[in-house]
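Trainee: I have a new model to read and would like to go through it feature by feature. Where do I begin?

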Amino acid sequence: MIESLPRREREVFEALCGLGEATAAAVRGAMGDPPSDSAVRTLLGRLEAKGLIDHRTLNQAYVYAPVPQADAVAETALQRLVHTFFQGSAARAATALLGMEKGLAPDEIEALQQAIDKARGDAE
């Protein structure tokens, strides 16, 4: 669904997903080339109407967050990224991502090893 969103709605949605939850001002601050504050609020309202985000009130401010289906949207976005920049190769994308890390925690290394074993068919 994310690829069908207009550009600005997609940018706002991606900024919010990156933040986890945030006010409209924080979403605007996370954007590279943000529209006006009122435009961000309007875009958040549109995303909420589409069922992609929800809000709660905290100290008289709206705090927005992606709804649980955002994980499926993230997977679609990741698939698009792999297709566009890594010729459809998840291995190339994973290698590039690992190259960005300074170091991995032992549990992260174990999780990666388990994913590799499963891809090989070596899973227990």
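**Aromatic rings**

Mentor: This is a predicted model, and its aromatic pairs come to a count of one.

Trainee: Which rings make the pair, and how is their arrangement read?

Mentor: Planes over 60 degrees apart count as edge-to-face. Here the rings belong to Y62 and Y64; their planes stand at 75°, so the pair is edge-to-face, with the ring centres 6.1 Å apart.

Trainee: Is Y64 buried or exposed?

Mentor: Buried means under 20% relative accessible area, and exposed means over 50%. Y64 has 6%, so Y64 is buried. Y62 has 42% and is therefore partly exposed.

**The hairpin**

Trainee: How do β1 and β2 run, and how many bridges join them?

Mentor: The two strands are antiparallel, and six bridges join them. β1 covers 53–58 and β2 covers 61–66.

Trainee: What is the bridge partner of D54 in β2?

Mentor: The partner of D54 is A65. L58 of the model has A61 of β2 opposite.

Trainee: What should I know about side chains along a strand?

Mentor: In a regular strand, side chains alternate between the two faces of the sheet.

Trainee: How many residues lie between β1 and β2 in the hairpin?

Mentor: Two residues lie between the strands of this hairpin. N59 is in the loop between β1 and β2, and Q60 lies in that loop too.

Trainee: Is N59 buried or exposed?

Mentor: The cut-off for exposed is over 50%. N59 has 72% relative accessibility and so counts as exposed. Q60, at 81%, also counts as exposed.

Trainee: How many residues are in the largest nonpolar core here, and which touch the most other members?

Mentor: The largest core has 17 residues, and those touching the most other members are V12, F13, L16, V27, L44, L47 and I53. The elements giving two or more residues to this core are α1 (7–19), α2 (24–30) and α3 (37–49).

Trainee: Where is I2 found?

Mentor: I2 belongs to the segment before α1. With a relative accessible area of 2%, I2 is buried. I2 and F13 are 11 residues apart in sequence, and their C-alpha atoms are 8.4 Å apart in space.

**The largest pocket**

Trainee: How much space lies in the largest pocket?

Mentor: The largest pocket holds about 340 Å³ of space. The elements that each give two or more residues to its lining are α4 (70–85), α5 (90–100) and α6 (106–120).

Trainee: Which element gives the most to that lining?

Mentor: α5 gives the most, with six residues.

Trainee: Which residues line the largest pocket?

Mentor: Among them are L78, V82, A90, L97, L98, L112, I116 and A119.

Note on methods
Residues are numbered from 1 along each chain as its sequence is written. This is a predicted model: local features need pLDDT of at least 70, side-chain atom pairs count only at pLDDT 80 or more; totals for chains, interfaces and linings use all residues. Side-chain values use heavy atoms; hydrogens and water are left out. Helices (H or I, at least four residues) and strands (E, at least two) are DSSP runs, numbered from the N terminus. Buried means under 20% relative accessible area, exposed over 50%, partly exposed in between (1.4 Å probe, protein chains only). Rings of Phe, Tyr and Trp (its six-membered ring) pair if their centres lie within 6.5 Å; planes under 30 degrees apart count as stacked, over 60 as edge-to-face and the rest as tilted. Two strands pair if DSSP finds at least two bridges between them. On a 1 Å grid over the protein atoms alone, a cavity is a set of points where a 1.4 Å probe fits but cannot get out, and a pocket is an open set with protein on both sides within 12 Å along at least five of seven lines; lining residues have an atom within 4 Å of a point. Grid points are joined across faces, edges and corners, and a volume is the space filled by probe spheres set on the points. A nonpolar core is a set of buried Ala, Val, Leu, Ile, Met, Phe, Trp, Tyr and Cys residues joined through side-chain atoms within 4.5 Å.
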